[in-house]
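Here is a short report on one protein chain. Keep the structure open while you read, and find each residue as it comes up.

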Amino acid sequence: MKSIFITGIAGMLGANLAYLLRMQYLVSGVDLNPILIKDVNSYVFSAFDIEQIKKLFIFHQVDTLIHCAALVNVDECEICPDYADKINHQLTKDLTQLCASLNITMIFISTDAVFDGKAEELYRETDTPNPISIYGKTKLRAEQAVLELPSNLVVRTNIYGFNYRDKSSFGEWILNSLRGNTPLNMFYDIYFSPILVNELAEILSLCMKQNISGLYHIGSTGSISKFDMAVAIREEFNLDGSIHKLSMANYPFKAPRTRNMGLNNEKITNMLDIVIRTPTESVRKFKQLYDVNYPGDLKGGA
């Protein structure tokens with residue numbers, strides 16, 4: 001059984017990966033926040049402690065690192081650019097070098113924010129990145145470091161789902177707001193390709209089993225506006241609640257936003273011979289997971 005190590009293991013992606021993949025892999029990981037999931041070895045310390053991570057890589061005989069730890073708050077990155085570069089870029093570079101020294105494959109979770117959003121079509125891997133935010137710029141620099149080793153994998157994505165910790169993903173925030181009758185203001189002119197974290201976990205497992213390397217976009221099939229995403233969740237969960245249309249041009253962001261973050265996923269679907277859900281199909285699966293109490297099972301870590 002292969003051994004995988006996850007940075008940011010208490011985050012939404014990290015926790016779901018640990019919970020969903022623990023029967024297929026030996027799973028260990030690190031985070032500043034504690035996490036308790038059966039059959040998962042987790043450690044509480046800073047991922048900046050490269051020497052400690054090296055000891056764990058050797059102890060657990062790690063085959064693959066899935067690097068999820070990052071500063072993902074786009075506005076916070078704009079306010080603290082040096083720290084954003086330290087965690088998003090420099091830490092990734094240091095881990096890349098450590099993995100290379102120990103012959104460990106690295107999977108780096110990147111973002112659709114590496115593009116400027118001016119394209120009318122879904123972005124392909126061959127399109128030239130042009131990030132307009134500090135977040136996007138630091139993640140692009142990290143990508144470049146990771147891809148210096150041909151055996152590594154960079155995944156650009158945009159995820160939502162259920163959290164292990166008491167936090168809210170984009171989907172959970174919409175759901176909780178609607179259930180609490182809190183009016184929502186949603187952008188009708190920002191498009192993205194959201195993929196359910198559970199589906200991404202399945203695809204990453206396939207990538208590891210088939211030793212996929214290089215750069216891939218793993219998002220939903222097609223894109224959707226933030227407004228239409230909220231409406232789809234409201235309809236699927238049969239909720240009331242007000243959802244108001246808002247233009248990104250009328251909102252005082254600290255960091256610039258991209259209008260089009262849609263990702264073309266044909267490269268990965270062709271490589272793995274799979275079909276990825278559309279945004280509305282993904283929302284339907286989101287509801288199904290809710291109905292079978294997946295959020296409770298995840299938090300319970302059984």
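## Rings, charges and buried helices

The charged end of K287 sits over the ring of F237, 5.7 Å from the ring centre. The model is a predicted one.

**Aromatic pairs**

Stay with F237. This residue forms an aromatic pair with Y290. The geometry is edge-to-face, with 5.4 Å from centre to centre and 75° between the planes. Where do the two partners lie? F237 is in the loop between α8 (226-236) and β13 (243-246), while Y290 is in helix α10 (residues 279-291), so the pair ties together parts that are 53 residues apart in sequence.

Are the two rings buried or exposed? F237 has a relative accessibility of 8%, so it counts as buried. Y290 has a relative accessible area of 29%, so it is partly exposed.

The pair belongs to a wider group. Ring pairs link Y19, Y160, F162, F237, F286, Y290 and Y294 into a cluster. The count of aromatic pairs comes to 11.

Now look at helix α8. Its buried residues are K226, F227, M229, A230, V231, A232 and I233. K226 carries a charge, yet this buried residue has no salt bridge. The nearest side chain of opposite charge is D112, at 7.8 Å. That distance is not within the 4 Å that a salt bridge needs. What does K226 touch, apart from neighbours within four places in sequence? Its contacts are F170, M186, F187, I190, F192 and M261. After α8 comes N238, with a positive phi near 55°.

Helix α6 (residues 170-179) also has buried residues: G171, E172, I174, L175, S177 and L178. What covers them? The cover includes β7 (159-160), β8 (184-187), α8, β13 and α10. N181 follows α6, and its phi is positive too, near 55°.

Three strands form an open sheet in the order β12-β9-β14, with mixed pairing. β12 (224-225) and β14 (260-261) are the edge strands, each pairing on one side only. Strand β9 (residues 191-192) pairs with β14 in the parallel sense, over 2 bridges. Which residue of β14 is the bridge partner of Y191? That partner is N260.

**A buried alanine**

A10 sits in the loop between β1 (3-7) and α1 (12-21). Its relative accessible area is 1%, so A10 is buried. Apart from neighbours within four places in sequence, A10 is in contact with A15, D31, N33, P34, I35 and R165. V62 lies 52 residues from A10 along the chain, and their C-alpha atoms are separated by 19 Å.

**Salt bridges**

How many salt bridges does a search of the whole structure find? It finds 9.

| K38 | D39 | 3.5 Å |

E120 has 66% relative accessibility, so it counts as exposed. R259 is partly exposed, with a relative accessible area of 31%.

K38 is exposed, with a relative accessible area of 52%. D39 counts as partly exposed, at 47% relative accessibility.

Definitions and conventions:
Residues numbered from 1 in each chain as written. Predicted model: local features only at pLDDT ≥ 70, side-chain atom pairs only at ≥ 80, totals over all residues. Heavy atoms only, no water. Pairing = 2+ DSSP bridges. Helix = DSSP H or I, 4+ residues; strand = E, 2+ residues; numbered from the N terminus. Phe/Tyr/Trp six-rings, centres within 6.5 Å; stacked < 30°, edge-to-face > 60°. Buried < 20%, exposed > 50% of the residue type's maximum accessible area, 1.4 Å probe, protein only. Lys NZ or Arg CZ within 6 Å of the ring centre and 35° of its normal. Contact = heavy atoms within 4.5 Å. Lys, Arg positive; Asp, Glu negative; His and termini not counted.
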